[in-house]
Amino acid sequence: MSPLDRLTRQDAEILELEHGEIAGHTLKVLVLERAPDVAPLTLDRLRARIASRLHRVPRARQRLAPTPLSLGAPVWVDAAGFDLDHHVHRAPTRGTVGAAGLRELIGESMGGRLRRDRPLWDLQLVSPLGGRRVALVARFHHAWTDGHAAQNVARALLYDEPDDDGAPTDGWRPAPVPGTAALVADALRQRMSGLTEAAGALARTAGSPERWRVGARGLIRLPGAVGRELIPGRVDSPFAGAVGRRRAVAWTSAPLADYKAVGHSAGEHTTVNDVLLAVVAGGIRAWLGSVGGEGPLRCKVPVSLHRPDEAPDVGNRDSFMIVDLPVGERDTAARLRSIHRQTAERKRHHDAETLDAVFADLALFAPPLERLLTRVTTTSREFSVNVSNVPGPRDPVRVLGADLKEMLGFAEVRLDHALRVAAVSLCGELAIGLCADPDVVPDLDGLAAAMGDALAELRADAA
């Protein structure tokens, strides 16, 4: 274990994805509405709330320090001169912000960058939206937190709590930044520790027939997992293209009960996520009808490996599975059955856990091979679109007395992947957020509407 707080392998790989035209953050939108007798949510009140809770999320006051000569991943260090005003501010809007203005602001925020010399997050207050509504637009760098961990950060920093006394700030003082010698020494120590760990793992594996029988952390299951997850796609991706800096967003929302009703009608333990993937497939099918192209599209589905008891600022902890979206299938029920068969098989064989173990083992035994495999699994030949689904609060939430009415999530596109789909749920509502380069993916509003129509078709079939 490194005495310095160094980026994990997975976090470092995500950080490296940010370059050129590609940003590295995710974005959450919280739409709040206050009752007439509740005080307005002002910038001063918002900053005071967050300031009183920063001690709960140490990462919110830390930045990344590079390791000299790239001998190791960057290290989290306290940000000297941390100023909350740099991270919590009012959006540069005038007058009442309508739906189109909010969407434009979100797109601009997705296309921007978080400064690397500061903690990797910010939050904008968008006010007013009309009536007594405001929005909070929060960005978190993906090298710090994934969708599940971001939910924990929001809860720790923002949500009202019983008997919340608005305690003053904790008198935090930044720890000194490690010097060059300390950074280099720690990186070398970590490398030696990795070699020792690899040697120990080899010795334990070689001397343990049971470990070989089980499969050396899943390696015995690797051929099946590779066959299901890592075979290059069979069709060209309609979302492949030269991604630029512009971003557009769109979304569609529906009651979570609709998804559950469809899954219940389909039987065989069909899940909400199965129905979501069928909705995405149906929407893409309709959208492809206007731009040309037909055939199965390989979809990367992140699988969370987080534990319920984790701290709010834990880093990324997920794996993935690959599902063929049958966009060439006309029958809506057949599309759902096809998706469910695939996801059930991957869960039965524990593909996500197997791949996570294999990548971890390769990082120990063969780092160049692990980096090559990581690059392979992010190309458009491996998958066409990434679809994530993050559960949000199930019970009503308030922020400074205002009710949380709507939650949206957006994730950044990648090189040669000009569309990203991110779903998030809130109190019985599921919102599908689309982020895209509009020069590669035209008519994003039409695609979002088509996904809404696809759910209506599934719901009608289930009635």
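A: Rings of Phe, Tyr and Trp (its six-membered ring) pair if their centres lie within 6.5 Å; planes under 30 degrees apart count as stacked, over 60 as edge-to-face and the rest as tilted. The model here is predicted, so local features need pLDDT of at least 70 and side-chain atom pairs count only at pLDDT 80 or more, while totals for chains, interfaces and linings use all residues. Residues are numbered from 1 along each chain as its sequence is written, and side-chain values use heavy atoms, with hydrogens and water left out.

Q: How many aromatic pairs does a search of the whole structure find?

A: The search finds four. In one of them, Phe 82 and Trp 172, the ring centres are 6.3 Å apart and the planes stand at 85 degrees, so this pair is edge-to-face. Phe 82 is in the loop between strand E3 (75-78) and strand E4 (88-90), and Trp 172 is in the loop between helix H4 (147-157) and helix H5 (180-206), so the pair ties together parts 90 residues apart in sequence. Helices (H or I, at least four residues) and strands (E, at least two) are DSSP runs, numbered from the N terminus. Another edge-to-face pair is Phe 140 with Trp 144, at 5.5 Å centre to centre and 75 degrees between the planes.

Q: Which of Phe 140 and Trp 144 are buried or exposed?

A: Buried means under 20% relative accessible area, exposed over 50%, and partly exposed in between (1.4 Å probe, protein chains only). Phe 140 is buried because its value is 6%, and Trp 144 is buried at 2%. Trp 172, at 23%, is partly exposed.

Q: Where is Pro 176 found?

A: Pro 176 is in the loop between H4 and H5. With 76% relative accessibility, Pro 176 counts as exposed. The C-alpha atoms of Pro 176 and Ala 79 are 9.2 Å apart, though 97 residues separate them along the chain.

Q: What forms a nonpolar patch on the surface?

A: Nonpolar side chains (Val, Leu, Ile, Met, Phe, Trp, Tyr) are joined within 5 Å, like charges within 9 Å. Accessible areas come from the Shrake-Rupley method with a 1.4 Å probe; for residues, only the protein chains shown count as cover. Here Leu 369, Leu 372 and Val 376 form such a patch, with about 240 Å² of accessible area together. Leu 372 is in helix H12 (residues 367-376) and is partly exposed at 42%.

Methods: Patches are made of residues with over 30% relative accessible area and no salt bridge: like charges are joined within 9 Å, nonpolar side chains (Val, Leu, Ile, Met, Phe, Trp, Tyr) within 5 Å. A salt bridge is a side-chain nitrogen of Lys or Arg within 4 Å of a carboxyl oxygen of Asp or Glu.
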